Amino acid sequence: MTRNNIKMTLCALLLIVLSTQETNAQRWFRSSSLEFGLIGGFSHYSGELTNHKYFESQALKGSFGIITRYTPREFVTFRLSAQYGQILGDDKWYEDQTDPERRDLNFQSDLWDFTGALELNLNPIPSRQKSGVSPYVFTGASVFKYNPITTFIYDPSSTIASYPGINYAVLESRDGETIELQPLGTEGQQTTEFNEIERYALTQVAIPVGAGFKFKLNHKWTVGLEYGTRITFTDYLDDVSGAYVEPTRLQSQYGAMSAAMSLRTPTIDPVTIEGTPRGDDSNNDKYGIFGVTFTYRLYGNRVTCPTF
């Protein structure tokens, strides 16, 4: 075989390989799809300050964000989303306000949720079909950021104001101020006496678990309805988990505001307060997001004619 024949043979083989790859790529392009859109709904939290009630209507807050979906095959979809919402809870929703031993805590927080998940389409809609409904379930990994805050109300008649050793008067000028709770170590985090209790992180991970329905309107637009809970690894979404710490310990480490934010109950027994349960550390807090999605298909799932 001459050198020219060898070159021609190699070129022919190369063209066959490239043609096959192009055909496969076209098939992949037709069977896969990429969507981008918006998601809006509400977020909520479950923990000590909702009395561990999972759905508390007073705790629902609006949320919104963006979402993108990539579907390589009909049964499988990969998704990324970024959402902003809020969470909150308040003992007043459940406590008898005439009870002198009520805890009287509350909080709220902005919530940033970044989720990557795998959706399993239980009844996928064929690409040729213009419209339809497809149920799905999803799970994956979330990174979320939060920062519990509350409003300080100066009350010179409160029990903490007359507590021995607490310099409550210095807080008068801060009446009505929004207070970040995590830096105050309200349960003795990293104080001299409780140095083994670590300060909780404001950026954490969670496991999203949820389900929903996709409503294909046409070959471009899809509307979805879903709910997902986030299983967290912290009990401090609300800054409440463990036990009370003797207020003067908090003041010596973090100042009078720490003592005032930690202990807001109307009655205090200075002898027995330390170690008295403030929360329930046997159950981690959770949050959930209900969303309505509107996505536009950028490419893929093109209608093709059959080949013979």
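A: Buried means under 20% relative accessible area, exposed means over 50%, and partly exposed lies in between, with a 1.4 Å probe and protein chains only. This is a predicted model, in which local features need pLDDT of at least 70 and side-chain atom pairs count only at pLDDT 80 or more, while totals for chains, interfaces and linings use all residues. Residues are numbered from 1 along each chain as its sequence is written, and side-chain values use heavy atoms, with hydrogens and water left out.

A salt bridge is counted when a side-chain nitrogen of Lys or Arg lies within 4 Å of a carboxyl oxygen of Asp or Glu, and a search of the whole structure finds 14 of them. One of these joins E56 to K53, with the closest N and O atoms 3.6 Å apart; here E56 counts as buried, at 5% relative accessibility, whereas K53 is partly exposed at 41%.

In another pair, the side chains of R174 and E177 meet with an N to O distance of 3.0 Å. R174 is partly exposed, at 29% relative accessibility, and E177 is also partly exposed, with a relative accessible area of 31%.

The salt bridge between R278 and E187 has its closest N and O atoms 3.0 Å apart. R278 lies in the loop between α3 (256-262) and β10, and E187 in the loop between β7 (178-180) and β8, so the pair ties together parts that are 91 residues apart in sequence. The helices (H or I, at least four residues) and strands (E, at least two) named here are DSSP runs, numbered from the N terminus. Both R278 and E187 are buried. Elsewhere, salt bridges that share partners link R69, R79, E119, K214 and E226 into one network.

As for confidence, pLDDT is the predictor's confidence in each residue, from 0 to 100; the protein chain has a mean pLDDT of 88, and 87% of its residues reach 70 or more. Two stretches call for separate mention. Over residues 16-29 the pLDDT stays under 50, and the model has 7 contacts for them beyond four places in sequence, a contact meaning heavy atoms within 4.5 Å. Over residues 303-308 the pLDDT likewise stays under 50, with 6 contacts beyond four places in sequence.
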